[in-house]
Amino acid sequence: DHRGRLSEQLASYAGLRRFYAASGRHFRARRGRGIAGTEPPAYEPHQQLRLAVPEEAKCRARGELARAPVRIALMPAASTDDAYAYPSASSWELILRELEVAFPGLLVCLVGKLRRDERTSTSIGREKLERIAAAASDTVDCFDRPIVDQLAFVEACDLFLSPHTGFGMAALAVGTPWLTLSGGRWPEFFFNGVPFYSLLPDPDRNAWYTRYDPPPMLPQDEDGEGPRTPSMTRARIRDDLPELLEGTRLLIERRLPYEQALERHFERLVERSGGDGSWIWSFDGIHTRYV
């Protein structure tokens, strides 16, 4: 992965530094080292990476979720400590109320990690998590369970819903479609044969992807829950609820094939960039077929 050679990114993410250090110790190259997506050796994009979850964990998850006709795994925030980069508890309450109306019998499976240790944790506290859980009639709290167990629950769900997060790539790797509340620093860049839907922000109203630069920030969201980057405000969530519900329906009902999802995603990125697709990138260069 080329990011292992980007000093700016490595300086910003301690977890990434540890990952590449551990990879260097663990793996031994027989023929030399290269970068994914470049030659040599010949590289084939669209490889469908899958994580094999132990059968025992899968059985437990299926057993706990079997009561519900529709199951959505929800990760309300990702690993940064910057709460402004993700929807507020109030915004998630709004989303869940609308999803319950659209999908009777919905079960929400909450995934993430609250414990603070040397590993990645989710930037949300127990109080806000309980508020989010209370907005749904039926929930399973998987926070702080072992990651293999959480992946089993995600695999047993019809959809994974979250802001942009590295865990979303793990969700795709167990075959679960990912609907992303896209915005903040990074667009989605990993695609492995599983349908997905990125709810793109409006670049004029909500700021575009700032990557290494900090995103702009409003001093206070309208719900009074603190500062928020424009693409994660309650107003943005409220405005995009119809599209969020439509994207959810397309993925749950399996009406958005993977190839169509790719074409749509990159077409909209280019359109919202004023026709300039030069900045777009993907993990293995898949975007070059569409941009």
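This is a predicted model: local features need pLDDT of at least 70, side-chain atom pairs count only at pLDDT 80 or more; totals for chains, interfaces and linings use all residues.
## Packing of helix 4 and helix 5

The axes of helix 4 (residues 89–102) and helix 5 (residues 126–134) come within 8 Å and cross at roughly 15 degrees. Angles under 35 degrees count as roughly parallel, and helix 4 and helix 5 are therefore roughly parallel to each other. The crossing in which helix 4 passes helix 5 is right-handed.

On the side of helix 4, the contact is made by A89, S90, W92, E93 and L96, which meet K128, R131 and I132 in helix 5.

## Salt bridges

Side chains of opposite charge can pair when their charged atoms come close. The structure holds 21 salt bridges, and among them is the one between the side chains of R236 and D240, with an N to O distance of 2.8 Å. Because buried means under 20% relative accessible area, R236 counts as buried at 3%, and D240 is likewise buried at 12%. Elsewhere, salt bridges that share partners join E55, K58, R62 and E155 into one network.

A further salt bridge brings together the side chains of R234 and E222, at 3.9 Å from N to O. This pair links distant parts of the chain, with R234 in helix 9 (residues 234–239) and E222 in the loop between helix 8 (203–206) and helix 9, 12 residues apart. R234 has a relative accessibility of 17% and counts as buried. The side chains of R205 and D202 also meet in a salt bridge, at 3.3 Å from N to O, and here D202, at 23% relative accessibility, counts as partly exposed.

Terms used:
Residues are numbered from 1 along each chain as its sequence is written. Side-chain values use heavy atoms; hydrogens and water are left out. Axes are lines fitted to C-alpha atoms, for helices over the stretch in contact, and angles run from 0 to 180 degrees between N-to-C directions. Helices (H or I, at least four residues) and strands (E, at least two) are DSSP runs, numbered from the N terminus. Angles under 35 degrees count as roughly parallel, over 145 as roughly antiparallel, 65 to 115 as roughly perpendicular and the rest as oblique. A crossing is left-handed if the near helix is turned anticlockwise from the far one by less than a right angle, and right-handed if clockwise. Contact means heavy atoms within 4.5 Å. A salt bridge is a side-chain nitrogen of Lys or Arg within 4 Å of a carboxyl oxygen of Asp or Glu. Buried means under 20% relative accessible area, exposed over 50%, partly exposed in between (1.4 Å probe, protein chains only).
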